[in-house]
Amino acid sequence: MAGARFDTLIVGCGTAGAILAARLSEDPGRTVGVVEAGRDYPAIDALPAGVRSHRSSRGLVTSLNDPDILGFPDWGLTVHSNPLQPSVPLPRGKIVGGSSSINGGVFFRTLREDLDEWSLANPDWTYDACLPYFVRLETDHDFDGAYHGAHGPIPVNRAKPDQWVPLNHAFHAACVALGFPNCPDFNAPDAWGVGPVPVFNPTCPNCNCCMTRSACCASRVNRSIRQPRRSGCSRIRASIH
Ligand SMILES: Cc1cc2nc3c(=O)[nH]c(=O)nc-3n(C[C@H](O)[C@H](O)[C@H](O)COP(=O)(O)OP(=O)(O)OC[C@H]3O[C@@H](n4cnc5c(N)ncnc54)[C@H](O)[C@@H]3O)c2cc1C
């Protein structure tokens, strides 16, 4: 690494950094360096089992208190919200792919009101301006039309009612009885209510940024990944997962 020079140096090859590296390095005239504290695995088969499957022994890794998360390539951070609270684990992925390597795969789009609020500072961030990028990002296996993509790198689906467990059905029925609308597609514009969450692991239970990155640009970016010596709701969503 000593003496290496790059047009762009990205620190952290996580969810955002990996995508940034992939996109910037599409330009053959630009050199991109990536510094990542965690390991880079050469192939999907070489990944730790939990990362490969996105599952701990208790199921999907969506609980911040899941002790199995400790077996993952994690920074080992803890947090407490005030001095009276006990510390709880704050998982953050320490691996190429970052926290997307250990996350739950839930694929919610940002709410319109949040994006429109951001756009007060930068008009490029309105919901309508971001929508084409949401569409471009996905291949939605359940819904099509103007608001959904069919050719993007991230496959998305939702649990079908015949896949729900009895508790899911009971929760859904109770919410509908309380007046929440049935919501089969949370990623439809302005959707709200109760329904299955969209997830990005329908065909590959291990589709994270790490692998998406691997699939789209491994040969290009891998050469530049280096490890440093030391490294140091505005709307209610009731979800079935
Ligand atoms: C357990 C869990 C479940 C989640 N579930 C979901 C979900 O279902 N759906 C969803 O959309 N989001 C989910 N999230 C949130 C989502 O994964 C994160 O918001 C997102 O991955 C953050 O991306 P990032 O690029 O900001 O950081 P990260 O992806 O964490 O990337 C940061 C990278 O920087 C590296 N790094 C840090 N410090 C240094 C250093 N000093 N030198 C070199 N490298 C460094 C890290 O190792 C890491 O690779 C979840 C997160 C966790 C932890």
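This is a predicted model: local features need pLDDT of at least 70, side-chain atom pairs count only at pLDDT 80 or more; totals for chains, interfaces and linings use all residues.
Residues are numbered from 1 along each chain as its sequence is written.

**View 1. Overall composition of the protein chain.** The chain holds six helices and eleven strands (DSSP runs numbered from the N terminus: helices, H or I, at least four residues; strands, E, at least two). Of its 241 residues, 25% are buried (20 or more other C-beta atoms within 10 Å of the residue's own; exposed, 12 or fewer; partly exposed in between; C-beta atoms placed from the backbone).

View 2. Strands β1 (residues 8-11) and β2 (residues 32-35) run parallel and are joined by four bridges; strands pair if DSSP finds at least two bridges between them. Leucine 9 has glycine 33 of β2 as its bridge partner. Together with helix α1 (residues 15-24), the two strands form a right-handed β-α-β unit (clockwise path from the first strand over the helix to the second, with the strands pointing away from the viewer).

**View 3. The largest nonpolar core.** This core has 13 residues, of which Ile10, Cys13, Ala18, Ala21, Val34 and Val96 touch the most other members. The elements giving two or more residues to the core are α1 and β2, and α1 provides the largest share, three residues. A nonpolar core is a set of buried Ala, Val, Leu, Ile, Met, Phe, Trp, Tyr and Cys residues joined through C-beta atoms within 7 Å.

**View 4. Aspartate 190.** This residue is found in the loop between α5 (166-177) and β9 (193-196). Phi of aspartate 190 is positive, near 65 degrees. Aspartate 190 counts as exposed because it has 9 C-beta neighbours inside 10 Å.
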